[in-house]
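Let's take a friendly walk through a model and look at how some of its parts meet.

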Amino acid sequence: MKQNRKIVVLMICLGGVHLVSLFAGFFSPYDFAQQDRDFPYLSPSQIHFRDAQGSVRWRPSVCLLVERPGDSGAYDEDKKKCFPVRFFVRGAEYRLLGLFQLDWHLFGVSPPAKIFLVGTDGYGRDVFSRLLYGSQVSLFSGLMATVLSLAVGALLGMVAGYYGGWIDAVVMRCTELFLALPWLYLLFALRAFLPLHISPILAFLLLIAVIGVVGWARPGRLIRGVVLSGKENQYVLAARLFGGSDVYLMRRHLLPQTYGILLTQAALLIPQYILAEVTLSFLGLGVGEPAPSWGNMLAALQQYSVLVSYWWMWAPGVVLIPVFLSYGLLASAMQARAAGMTREE
Amino acid sequence: MFPASQPLLEVQGLCKTYTQGRWWQRQFQVNALENVNLILKVGGTLALVGESGSGKTTLAMCLVGLEEPDSGDIRFQGMSLLDPRRKERAAVHAEMQLIFQASAGALSPRMSAAEIIEEPLRIRGLCGRKERGERVLEAMEQVGLPTSWKNRRPHQMSGGQRQRLAIARALALRPKLLLLDEALTGLDLSIQGQITNLLLDLQTRHGLSYLYISHNLELVAHIADEIAVIHQGRIVEQANPYELFSHPRHPRSQALIASVTASRSALAAHGGT
Amino acid sequence: MRYLGHRLVQSLFLLLGVSVLSFIFVDLAPGSFFDEMRLNPQISSETVAKLRKQYGMDQPLPVRYMRWLKSTLKGELGFSFAYDAPVAPLLRSRARNTLLLTGSATLLGWLIALPLGILSAEKRKGWVDRTGTITTSVMLATPDLLLALGLLLFAARTRWLPVGGMSALDSGGQGVWQQTRSTAVHLVGPVVVLVLGSLPILMRHTRAAMIEALDSPYVRAARAHGVRRWRILFRHALPAAINPLVTLFGLSLGSLLSASLLIEVVMSWPGLGPLLLEAILARDLYVVIGAVMFASLFLVCGTLLGDLLLFVADPRIRTDELV
């Protein structure tokens, strides 16, 4: 089916993006906190494919920058001093997945040259490296918050749908309550009641917890609906007659019925949650310095000069568009597939 | 040893009422079952016939333990099923299995035939993996399904084959009593015949007893030793097929028989059987 | 009628629930709230004492909740430290600004989305539909944040629009007409961003609802009878599609206070958004609670209004009642 192919392709693309994100240390030439106070707000490095004599070389090279005399803040290339871009270089140490200590990088240049693929920010930090490290925060906080929301929603929804009665009534009233509160406001309010200045790691975990918990209501209701009708199936009844316990029935027979909804909800929620993290970090309520997040990197654009003059600082925002587009197409494809399947029944 | 002279299943004075209506509305009572008495002997087949809403499904639910009757008793092999001790009840209920009408939801679409048949064994933790596999193949042979099909899904089978699968599953726990709730309804006539023969065959081989529930008198007339007619929660007549057909006493039974003969003569008029 | 009564009661319970949640938050906030107030030199000790008495800080929880609920119902929502003023009037004036913004944006959004959605549904696979679907997908994938920043850049570069704010800095002493004009000009940027943000969703829903209505056997019969195009669209298909649209409209109404949070902050529009943010950063908790409650109130009322409109618009719900 055409939808299946779309879904597979999109999932591979997104999987690739997340994989690159996990290996941010490898793909980025510099550490995210490495500052170079001499070169703030540098535009992206020019990559040359010709050497000093003008002939074409397959290996790209970057030239050293010197300050323009009399015009501090402006830089020119010293074409006589060019350094080749080498691949698989050893550079700054980093931890892969927090476990392994490595120092291999995909590409780099020998000092004193620097390669800034997307320029530098106000502290002279490489935006490209920060983009990659920042993706870990933004992409994975969205992902993990979604897992949390779906877990809580599935648990409560299943229990409510299965047992019915007062449990169901209580859970439904709770979902109505949560759905009655404007989501972003609730998020902000919750954040407000927690300490403002916390370490980036704690902020990361806190964000996941807050975003995830606030959003359990909608998936919870959907799961409850599936379970309500699903438990009427005779094979569930039969399993009960064989002596299956409630937990067994829920795990073996009802949970598989929810997989479709869970996946579709995931595709819908992940981009929303990524955006929530970006928004909160942008406003200073999320992950803070020096840890990069696409949100707090975008915060620099609130300064007029940055907004108008330094176009590469828009990178963290622009990068969001293809990510959201992929998730959006994935969600549509999943919904279309589900609709097609119910039509066949 | 269980004496063959004692009835396998005895239902005495079973009553069940449902109340309809929310807590702030006036409530009405529905008498689903009223003073129902039934006896099923070992190796026999009892048919319970009635129109929809007559209470036959409620009775089936009470028998397997999904519903609690308000009063009365159900005795299986002499032991009361309404005994509050859960473990004993569970063990007893294993001896009674239920087969439903072949519908889309009767078998899990996500499980293979082998998984469906071994599910009861898995739940009860009765045998190891190897023995489970052997029992599955044995069951499939008994119901006439090719063992090569053990990885097939229900939707890849026909209605009759699915019903055989359901029977195989029901036999997994080696029950003594099979409750068949409209198990032949909805199948083609020829398939009905095949399944009926299978059931009779299994009955002789394993000494099974059947309680067959249906709305169709003709279906059960061939296989039942006794027919009980149920109407509005009451057993209005109980007799063997010959007696029932020749001298029906209750108007309900007469109506049911009339519809059978009507369809029979309609078929004969069209020159078929 | 019974349905409406049920919904009304449900909404009241919801609001009560929201108030309980909010109150628990206020109560659970780390560190005694009033201790912080006492440390703050800006607040006089008399104010602290008065507030303590008013909120019955020495009483058990349920009593405190009842007192808080009573003051809230009277319209007193607490005291803001950052602004050194009671919360309610502050919220009201900011809410007015927000409503001006979101009201215009919602109106404009629906005015554009409805015809485009209808056209898109009618001529499926036509050029309007195809370009519409692609643009919608891309616009949906573009965060409002980027749109807002983009508009600010546009304003800065072209100078056609003011770069944020609600009125020119020197508009204080001018006449009403000048002020209105200034406000209107400042309104353009944020409204454009809000409309661009909400348009894709509205269009998609309109299109989906219209497609379902146009595919229904009842419309097909009308077409087979030779009823003309416009009549079919407006007298047959649109009323059938109204159901999901009215519910969506209720949601639009409900989110009038909350939808523009981020955009107000980025574009310096003095509405509830920036107030909430400042309050969070300044730990001005009563403002936060007040703003959340106010926004929730709107959302609950909005959905209630949506259900009401649905009741009026859809005869089927009314007849279900009679059964």
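In chain C, α5(C) passes α13(C) in a right-handed crossing, meaning that the near helix is turned clockwise from the far one by less than a right angle. The contact brings together C:Val87, C:Leu91 and C:Ala95 of α5(C) with C:Tyr286, C:Val287, C:Gly290, C:Ala291 and C:Phe294 of α13(C); contact here is C-beta atoms, placed from the backbone, within 7 Å. Seven of these residues are nonpolar, one is polar and none is charged.

This is a predicted model: local features need pLDDT of at least 70, side-chain atom pairs count only at pLDDT 80 or more, and totals for chains, interfaces and linings use all residues. Residues are numbered from 1 along each chain as its sequence is written, while chains are lettered from A and ligands numbered from 1 in the order in which they are written.

Now for chain B, which is split into domain 1 (1-85 + 177-268) and domain 2 (96-174), with bounds from an automatic or database domain assignment. Their C-alpha centres lie 25 Å apart. Domain 1 of chain B gives 19 residues to the contact and domain 2 of chain B gives 15.

How confident is the predictor? That's pLDDT, its confidence in each residue, from 0 to 100.

| Chain | Mean pLDDT | Residues at 70 or more |
|---|---|---|
| Chain B | pLDDT 81 | 90% |
| Chain C | pLDDT 79 | 85% |

The model as a whole scores ipTM 0.86 and pTM 0.84.

Conventions:
pLDDT = per-residue confidence, 0-100. Contact = placed C-beta atoms within 7 Å. Helix = DSSP H or I, 4+ residues; strand = E, 2+ residues; numbered from the N terminus. Nonpolar A, V, L, I, M, F, W, Y, C, P; charged D, E, K, R; others polar.
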